[in-house]
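Okay, thanks for coming, everyone.

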Amino acid sequence: MARVFFIADLHLSHTNMALKRGFATVEEHDEHIIAKWNSVVSKRDVTYILGDVTMEKSAPYYLLDRLNGVKHVVLGNHDRRQDVKKLLEYVDSVAGMVQYKGIMLTHCPIHPMELDYRFKHNIHGHIHDKQVMKMLDGWEEVDERYICVSCERVDYTPKTLEELGIKR
């Protein structure tokens, strides 16, 4: 049976992000993401990529062919709309936001009011700066309805709902 995974902020072929994340080269960064992905995702599995596939470039999209499974992209702030046609050559769908089993999948976190009335959780990316993550983790009242799956937060490995602590 196919499993469903979530991850965000791949930033494939983005040299500055690779260095910021502690990799020696962009190639090492990209190969690490590919290896981690393929270690858990099979050909039949589905993965939602919650934005920032690259850094405003379409040239690295060919790397998506090396990732196992069915791939759905929720566009992020660094995914350009003029590249969507090219992106669709490598993924199965592209959207702005996706509702999935009472969960809103987005790149940026949604307004808390949406979670009060419409959705149980918001799985998102976008927040991958270590200082911001430390600040969020240090809040006295952590809102567990928000689940960030930026690569740095999930050890560069796509995660299932169960692994994210969401019970169905």
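So, where is the place of S42? S42 sits in the loop between α2 (26-40) and β2 (46-49). Those labels are DSSP runs numbered from the N terminus, with helices being H or I of at least four residues and strands being E of at least two.

Quick housekeeping before I go on. This is a predicted model, so local features need pLDDT of at least 70 and side-chain atom pairs count only at pLDDT 80 or more, while totals for chains, interfaces and linings use all residues. Residues are numbered from 1 along each chain as its sequence is written, and side-chain values use heavy atoms, with hydrogens and water left out.

The cut-offs are under 20% relative accessible area for buried, over 50% for exposed, and partly exposed in between, using a 1.4 Å probe and protein chains only.

And what does S42 touch? Leaving aside residues up to four places away in sequence, S42 touches R3, N68 and G69; a contact here means heavy atoms within 4.5 Å. As for V91, that residue is 49 residues from S42 in sequence and 15 Å away in space, C-alpha to C-alpha.

Now the strands. β2 and β3 run parallel, joined by 4 bridges, and V46 has V70 in β3 as its bridge partner. On to the next pair: β3 and β4 (residues 93-95) also run parallel, with 3 bridges, and H72 stands opposite S93 in β4. For pairing, DSSP has to find at least two bridges between the strands. β3 itself, residues 70-74, is mostly covered, with 4 of its 5 residues buried.

Zooming out, the protein chain has 5 helices and 8 strands, and from the N terminus they go β-α-α-β-β-α-β-β-β-α-β-α-β. Take the contacts between residues at least 6 apart in sequence: 62% of them join residues at least 24 apart. Buried residues come to 48% of the 168 in the chain.

What about overall size? The C-alpha atoms fill a box of roughly 40 × 35 × 30 Å along the principal axes. The radius of gyration is 15 Å, which agrees with the value near 15 Å for a compact globule with 168 residues; that's taken over C-alpha atoms, and the globule rule is 2.2 Å times the number of residues to the power 0.38.

That's my tour, thanks.
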